[in-house]
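Hi,

Here is the structure I said I'd pass along.

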Amino acid sequence: DLFLLRELLEKIGAQVIILEPKQHDQIVALTSHLPHVVAVNLVHVIAQYGKEDELVNSLVAGGFRDTTRVAAGDATMWRDIFSNNKEMVIEAIESFQQRLEEFKYLIINDDLDKLEDNLELARDERIKIPMKKKMKRPLENPRD
């Protein structure tokens with residue numbers, strides 16, 4: 001029974017949200033799967049350059065470590081995730097590629113004002129994204 005499952009999940013601290021499958025797939029593609037794609041490819045770029053200059057690997061900054069932590073995840077699981085949510089993952093990658101091209105264009109053309117605007121907008125948008133709330137401890141059985 002859906003009601004019992006929801007009640008059980010809420011008792012262990014889960015926030016239950018009912019979504020249409022397509023909406024769920026799009027949200028996880030954007031918020032989970034795309035960051036994994038980015039992390040994996042950042043690791044590949046550093047590894048490539050690190051083969052030519054060992055200092056590249058030894059001098060990675062905290063931002064690189066933070067951004068690529070998820071790339072250490074289980075390869076089989078992520079292969080299956082990408083395969084099972086292919087359409088939405090590809091859509092997210094294409095959107096990200098478009099953003100990268102726009103960002104590259106600003107750098108190539110020394111459009112420093114628009115580059116700064118882009119960075120400030122990203123900062124402002126990031127600040128608006130709520131951080132994960134601490135899980136509330138489930139209440140003890142109210143009948144006790």
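Keep in mind that this is a predicted model.

Let's start with Thr68, which sits in helix H4 (residues 62-68). Its relative accessible area is 9%, so Thr68 is buried, the cut-off being under 20%. Leaving aside residues up to four places away in sequence, Thr68 touches Ala39, Leu42 and Val43.

Next, the aromatics. Searching the whole structure turns up one aromatic pair. That pair is Trp78 with Phe82, and it is tilted, with 5.5 Å centre to centre and 40° between the planes. Both residues belong to helix H5 (residues 75-84), and because they are four residues apart there, about one helical turn separates Trp78 from Phe82. Are the two partners buried or exposed? Trp78 counts as buried, at 12% relative accessibility, whereas Phe82 is partly exposed, with a relative accessible area of 23%. The 20% cut-off for buried falls between those values, so they end up in separate classes.

Last one: Lys104, found in helix H6 (residues 86-108). With a relative accessible area of 43%, Lys104 is partly exposed. How far is Lys104 from Phe82, in sequence and in space? They are 22 residues apart in sequence and 27 Å apart in space, C-alpha to C-alpha.

Cheers

Definitions and conventions: Residues are numbered from 1 along each chain as its sequence is written. This is a predicted model: local features need pLDDT of at least 70, side-chain atom pairs count only at pLDDT 80 or more; totals for chains, interfaces and linings use all residues. Side-chain values use heavy atoms; hydrogens and water are left out. Helices (H or I, at least four residues) and strands (E, at least two) are DSSP runs, numbered from the N terminus. Buried means under 20% relative accessible area, exposed over 50%, partly exposed in between (1.4 Å probe, protein chains only). Contact means heavy atoms within 4.5 Å. Rings of Phe, Tyr and Trp (its six-membered ring) pair if their centres lie within 6.5 Å; planes under 30 degrees apart count as stacked, over 60 as edge-to-face and the rest as tilted.
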